[in-house]
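Dear colleague,

Please find below the structure that I am handing over to you. My notes on what was found in it follow.

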Amino acid sequence: MALHHQQTDENTTIEQIKGEVREFISDRDWEQFHDPKNVAMALASEVGELLDIFRWVKSDDSFNILSDKDTYHDVQMELADIAMFLMDLATICEVDLTSAVMEKIKINNQRYPIEKARGIAEKYTKLAARSDKPNPE
Ligand SMILES: [Mg+2]
């Protein structure tokens, strides 16, 4: 099941990506190393590699550094590493990513109602407390 070079988010399913990652691992007899703990650690390590690209970059500059071709490519490759370990972790934990994401969006919709959360970057626990206080405006 080889994916083609021109495959994009628009024409590829999560199931296909999961299959491609699974095949890569199985061709190398690496399933023996891919338990939930190891893959979760690998995923976190790759997130660390992504963070390293942005380390000490001012928030205002974090979009600007992406116009550098090499930096943009580095971000692409770290996101790919993260995506692949995420797919692998979902596979071995038997989690259907789409239904999990849809369930979590539903939960977040309840935690962050638009009328209370719009334009406010606060965690839902603080947001709930905030809404109990009288509006200062
Ligand atoms: Mg990496």
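**Findings**

Helix α1 covers residues 14-27, and its 14 residues should span 20 Å at 1.5 Å a residue, which agrees with the 20 Å between its end C-alpha atoms. The expected span is 1.5 Å times one less than the number of residues, and helices are DSSP runs (H or I, at least four residues) numbered from the N terminus. Please note that this is a predicted model, in which local features need pLDDT of at least 70 and side-chain atom pairs count only at pLDDT 80 or more, whereas totals for chains, interfaces and linings use all residues. Residues are numbered from 1 along each chain as its sequence is written.

The chain is divided into domain 1 (13-95) and domain 2 (97-137), with bounds from an automatic or database domain assignment. Taken over C-alpha atoms, the centres of domain 1 and domain 2 are separated by 28 Å.

The largest nonpolar core has six residues: V21, V39, M84, F85, L86 and M87. Helix α3 (residues 69-92) supplies the largest share of this core, four residues. Such a core is a set of buried Ala, Val, Leu, Ile, Met, Phe, Trp, Tyr and Cys residues joined through C-beta atoms within 7 Å. A residue is buried if 20 or more other C-beta atoms lie within 10 Å of its own, exposed if 12 or fewer, and partly exposed in between, with C-beta atoms placed from the backbone.

How are α1 and α3 packed? Their axes are 9 Å apart, at an angle of about 90°; the axes are lines fitted to C-alpha atoms over the stretch in contact, and angles run from 0 to 180 degrees between N-to-C directions. The two helices α1 and α3 are therefore roughly perpendicular (65 to 115 degrees). On α1 the contact is made by I17, K18, V21, R22 and I25, and on α3 by M84, M87, D88, A90 and T91. Contact requires C-beta atoms, placed from the backbone, within 7 Å. Beyond its neighbours within four places in sequence, V39 is in contact with H34, F85, D88, L89 and I92.

Two further residues deserve a note. D29, in the loop between α1 and α2 (36-54), has a positive phi of about 55° although it is not a glycine. D29 counts as exposed because it has 8 C-beta neighbours inside 10 Å. E94, in the loop between α3 and α4 (97-111), also has a positive phi, near 55°, and is not a glycine. With 6 other C-beta atoms within 10 Å, E94 is exposed.

Yours sincerely

Definitions and conventions:
Contact = placed C-beta atoms within 7 Å. Parallel < 35°, antiparallel > 145°, perpendicular 65-115°, else oblique.
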